[in-house]
Amino acid sequence: MSDIKTRFAPSPTGYLHIGGARTALFAWLYAKSMGGECTLRIEDTDKSRSDDKYTQEILNSFNWLDIKFDHNVVYQSNNLNRYKEVVDILIEKNCAYVCKGQELEEDRKYRNQKLQREENTVVRFKMPDEGSTSFKDIIKGDISVLNTQLDDFIIERSDGSATYNFCVVVDDMDSKITHVIRGDDHVNNTFKQINVFKALSIQEPKYGHVPMILGEDGKRLSKRHGALGVQEYKEMGILPEALKNYLLRLGWSDGDRELFSRDEMLLHFQKGTFNQSPSTFSLDKLLWYNKHYLDESSIDELNGMINLKEFNGSDYSNSVLELIRERCSSLTEFYENSQYFFEDPVDFDETLLKKHIKEDTHDHLELLGSYLAELESWELDSLKNILQQTVDELSIGFGKLGLPLRLALTASVNSPSIDRVCELLGREVTLRRLEKFLELTKN
């Protein structure tokens, strides 16, 4: 095993969102593709905003995605005494100072006064006055900033609690993190953290900042673009393999290849390249990936994934699955596209009725019903022939008969081929539903 060690460090102040999941995947793949380790750290020092339910949701999301971290989960809230120890070290090394109030312009006068901690004091990190802070980003290349542009940021609040940019350094140092892969909204934090590492005489990790994800309108990604929490994608019927594959390609590429199994991700990750510019989230593209994995699944696998009582492995329910699977891009769509195979429709959309039921439609369906009732062989070829025969006899387009028939049998105008629907429903159900529909639309 190599000495490479990455981490993903979410705050449990909300659900794991699509951007966080992608960052975690990249950090995990970066380490695992080189035989290293990746750990999970829950940054829960902000007790006013942190919630155990979010922690559990984060853990559940990674379990569903099959992203398995190394070692036990690290909780920042268990390290409070350690943070105080390191603050003391920085003060002793004259790399941090105690000051009153929380206004930087006022507090800089305390830089060399060596005040003692009191009830209303904070501790600030003493940023170098000269020179610059630079690092070679794994993704973005060389990045630099003048130290005069960096503030003496607070590392310990007046209540004694440590702040984010300081806690991160201590945790990365103690966990021996060698590489940090995270969103590029952290670039400014990196300059601060590097200087704390230097003050502690510890080699900082190598950093890689992934460009953000945008909506298709070019604006910062949000729920209105279809971006949801990981568990919400699960609930809408997205497969974990599909979401993981989509996240991989949302900011990384290896040529034009789109599809990668878990093993292929590990094999190809180091050969591929990170995108330099922001990625665009597309729900349609995610559904494209999802449909690929659904299409690759066997009927038995689909039965297990859909987990509905109707799909019980019987010949009938399996035939329904085979018929509708080409129309389904998510697990929830199997339910939406199958209910009329198991229950007679009772609610018909008035708009559809007005659009497709014309003055002569009732007579057309009645004629078809009489032919269907006399049909000797209820097989696909016979059903196709009788439908075509009726259309020819009436001298109408197929849609003028097929659409009303589809509406009668499914309460929808979107379904698989209507002759195949009739065949699968069977003679008794087809004729019963047609009769009820004729009664409903009479006059």
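Start with the open sheet of three strands, whose order is 1-2-3 and whose pairing is parallel. Here strands are DSSP E runs of at least two residues and helices are H or I runs of at least four, numbered from the N terminus; two strands pair if DSSP finds at least two bridges between them. Strand 1 and strand 3 (74-75) are at the edges with a single partner strand each, so one side of each has no neighbour in the sheet.

Before going on, a word about the model: it is predicted, local features need pLDDT of at least 70, side-chain atom pairs count only at pLDDT 80 or more, and totals for chains, interfaces and linings use all residues. Residues are numbered from 1 along each chain as its sequence is written, and side-chain values use heavy atoms, with hydrogens and water left out.

Now select residues 37-42, which are strand 2; this strand pairs with strand 3 in the parallel sense over two bridges. Click on Arg-41 and look across to Val-74, its bridge partner in strand 3.

Next, select strand 9 and strand 10, a parallel pair joined over five bridges. Ile-181 has Gly-208 of strand 10 as its bridge partner. Follow the chain from strand 9 through helix 6 (residues 187-199) to strand 10: this β-α-β crossover is right-handed, meaning that with the strands pointing away from you, the path from the first strand over the helix to the second runs clockwise. Strand 10 (residues 206-210) is largely enclosed by the rest of the structure, because four of its five residues are buried. Buried means under 20% relative accessible area, exposed over 50%, and partly exposed in between, with a 1.4 Å probe and protein chains only.

Move on to helix 8 (residues 240-249), where nine of the ten residues are buried. Among them are Pro-240, Lys-244, Tyr-246 and Arg-249. After this helix comes Gly-251, with a positive phi near 130 degrees.

Finish at the largest pocket, with about 1300 Å³ of space. On a 1 Å grid over the protein atoms alone, a pocket is an open set of points where a 1.4 Å probe fits, with protein on both sides within 12 Å along at least five of seven lines; lining residues have an atom within 4 Å of a point. To find its centre, select Ser-11, His-17, Gly-20, Asp-185 and His-186, the closest of the 45 lining residues. Helix 1 gives the largest share of the lining, five residues.

Key: Grid points are joined across faces, edges and corners, and a volume is the space filled by probe spheres set on the points.
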